[in-house]
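Please look over the model shown here.

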Amino acid sequence: MRPLVILFRKELHATFTSPIAYTMATVFLLVLGYTFSLTLFATKVANLNYIFHQVYVLSILLVPVLTMRAFAEERRTDTLELLLTAPVREIWIVLAKFLAALSLMILMFLGSLAYAVVLGLYGEPDWGPIYSGYLAVLLNASLLLALGLLMSSLTENQVVAAALSLGTFLMLWFADSVAYLLPQPFELFAVNLSLIGHFKPLASGEVFLSDIGYFTTVTLLALFLTTRRLMER
Amino acid sequence: MSEGGETPAILAEGVCKRYRSLTAVDHLDLNVRRGEVFCLFGPNGSGKTTFLRMLTGYISPSAGQITVAGHDVVRDGLAARCKIGYVPETAPLYGHMRVDEFLRFMARLRGVASTAVEAAVERVVGLLALGEVVRKPVRVLSRGYRQRTALAQALVHEPEIVVLDEPTNGLDPRQIVEMRGLIRSLAGRHTILMSSHILSEIEKTADRAGLLLDGKLLGVRAIAEVADLESWFLSVT
């Protein structure tokens with residue numbers, strides 16, 4: 001575990017000394033604040049459902065920016081050669097990058113807790129959907145980050161990595177839209193592959209193990225494939 | 001085992017690396033003795049970097065076996081990598097870190113105990129005369145200091161074997177003389193395997209040299225026994 005801690009600290013240092021993290025957090029919280037104010041005044045309903053869907057969209061747009069550097073930059077500058085010739089397992093390198101990026105996302109989500117506090121102070125929100133909504137955005141961020149890292153491991157060009165990530169996220173988002181065109185069992189597969197199809201129930205307070213399983217499985221699969229990619233020598 | 005019965009620092013047997021139709025390294029056999037400075041030389045594209053990358057575990061051989069201090073670099077990769085300090089050709093460093101932060105990071109990553117990290121960093125900072133720049137960000141370093149920092153990270157865990165890919169690449173004449181002195185000063189305590197294509201540098205730095213051409217090792221000679229490296233090179237190429 002020691003190499004993981006060492007690499008995680010290095011990744012955190014890299015994340016928080018880069019303007020990307022601060023720019024992302026600023027954009028994220030500004031857009032969320034705008035959405036929160038607008039929906040609260042328009043609907044007068046004490047829930048964060050809109051916020052969670054806004055986080056879903058923002059994550060899809062911002063995660064490629066966050067992950068595009070991860071391996072692409074290490075490859076371009078040859079620092080990946082330093083890491084892979086040190087006595088550390090590839091899985092630690094992947095997990096360190098994943099956990100550091102997830103830490104930044106969690107910090108941004110923590111910033112959005114202010115809206116829950118406002119609702120708690122001035123209204124009587126149903127806390128169940130709020131808890132499950134935060135679980136949804138966390139699981140969604142994990143999945144997107146893991147896929148973003150996988151895309152970054154495939155190329156040394158950051159822009160290509162970001163484009164691949166965004167393309168993959170959008171395909172997953174709209175996977176169920178093409179389902180009706182497909183024969184069985186592909187229709188069922190496309191419906192179950194849909195990101196929004198698993199996000200929506202969780203964000204609305206309906207917690208199903210199948211949805212949690214979907215996010216966890218895709219995340220682990222993407223991390224596994226990224227590790228395999230690094231092990232291809 | 002080498003001739004004297006001593007386990008060689010590096011032993012390569014029948015090593016090949018193939019990329020589809022291209023054979024970058026072709027049935028290479030090599031025995032590097034403990035404490036010597038051994039230089040692989042040959043023209044660009046002859047397979048020097050590919051072999052060093054296989055040795056350090058960055059890429060895997062297509063065939064054959066490489067052992068480093070008795071550890072197979074594929075089957076026992078982590079143990080083998082613990083024994084190696086490596087400076088790739090481009091001397092890659094993390095630009096966002098300060099020199100001391102980078103060296104601490106590499107020391108920890110290479111398994112130096114937490115309590116010994118500061119002493120290890122101080123030792124290599126002194127050895128490579130990095131005191132002047134130790135608090136500076138890596139990205140502002142000159143080429144010479146970058147090369148020294150890269151060498152410092154390779155030495156910070158006191159490895160048995162130091163692998164240097166074109167260590168004088170891009171250095172000015174003064175820096176080349178300093179680097180040569182540094183490499184010579186490491187011999188004995190460490191086994192040095194380096195690559196180069198500058199014949200005059202090899203003559204002044206190495207104890208033995210191996211000529212690599214089109215992925216094949218054409219011969220190994222002790223520098224003291226070779227009257228003129230250039231004539232040897234020209235006679236076989």
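The text below goes from chain contacts to single residues.

This is a predicted model, in which local features need pLDDT of at least 70, side-chain atom pairs count only at pLDDT 80 or more, and totals for chains, interfaces and linings use all residues. Residues are numbered from 1 along each chain as its sequence is written, while chains are lettered from A and ligands numbered from 1 in the order in which they are written.

**Chain A against chain B**

Contacts link 16 residues of chain A with 19 residues of chain B. Two residues are in contact if their C-beta atoms, placed from the backbone, lie within 7 Å. On the chain A side, helix H1 (2-16) and helix H5 (79-84) each supply at least two residues. Helices (H or I, at least four residues) and strands (E, at least two) are DSSP runs, numbered from the N terminus. By class, this side of chain A has 8 nonpolar, 4 polar and 4 charged residues. Nonpolar means Ala, Val, Leu, Ile, Met, Phe, Trp, Tyr, Cys and Pro; charged means Asp, Glu, Lys and Arg; the others, Gly among them, are polar.

**Domains of chain B**

Chain B is assigned domain 1 (1-83 + 160-237) and domain 2 (93-158). Such bounds come from an automatic or database domain assignment. The two domain centres, taken over C-alpha atoms, are 24 Å apart. In the contact between them, 8 residues of domain 1 of chain B meet 8 residues of domain 2 of chain B. Helix H6 (residues 173-186) of chain B gives the largest share of the domain 1 side, 3 residues. That side holds 6 nonpolar, 2 polar and no charged residues.

**Sheets of chain B**

One open sheet has 6 strands in the order S6-S7-S8-S3-S9-S10 (chain B), with mixed pairing. Two strands pair if DSSP finds at least two bridges between them. Strand S6 (84-87) and strand S10 (216-222) of chain B are at the edges with a single partner strand each, so one side of each has no neighbour in the sheet. Neighbouring strands here are turned by 15° against each other on average, direction ignored.

S6(B) pairs with strand S7 (residues 161-165) of chain B in the parallel sense, over 4 bridges. B:Tyr86 stands opposite B:Val163 in S7(B). B:Ile84 stands opposite B:Ile161 in S7(B). Helix H5 (residues 143-155) of chain B packs on this sheet and touches S6 and S7 of chain B; its direction makes about 165° with that of S6(B). Angles run from 0 to 180 degrees between N-to-C directions, and axes are lines fitted to C-alpha atoms, for helices over the stretch in contact.

A residue is buried if 20 or more other C-beta atoms lie within 10 Å of its own, exposed if 12 or fewer, and partly exposed in between; C-beta atoms are placed from the backbone.

A further open sheet has 4 strands in the order S2-S1-S4-S5 (chain B), with antiparallel pairing. Its edge strands, S2 (22-32) and S5 (71-72) of chain B, each pair on one side only. Strand S4 (residues 63-68) of chain B runs antiparallel to S5(B), joined by 2 bridges. B:Thr67 stands opposite B:Asp72 in S5(B).

**A helix pair in chain A**

Helix H8 (residues 127-153) and helix H11 (residues 195-203) of chain A pack at about 155°, with axes 7 Å apart. H8(A) and H11(A) are therefore roughly antiparallel. The classes are under 35 degrees for roughly parallel, over 145 for roughly antiparallel, 65 to 115 for roughly perpendicular, and oblique for the rest. From H8(A), A:Ser132, A:Gly133, A:Leu135, A:Ala136 and A:Asn140 meet A:Phe199, A:Leu202 and A:Ala203 in H11(A). This contact has 5 nonpolar, 3 polar and no charged residues.

Most residues other than glycine have a negative phi, and most peptide bonds are trans.

| Residue | Phi | C-beta neighbours inside 10 Å |
|---|---|---|
| A:Asp78 | near 70° | 15, partly exposed |
| B:Ala69 | near 50° | 19, partly exposed |

A:Asp78 lies in the loop between helix H4 (72-76) and H5 of chain A. B:Ala69 is in the loop between S4 and S5 of chain B. A cis peptide bond joins A:Gln184 and A:Pro185, with omega about 5°. A:Pro185 lies in the loop between helix H9 (158-173) and helix H10 (186-193) of chain A.
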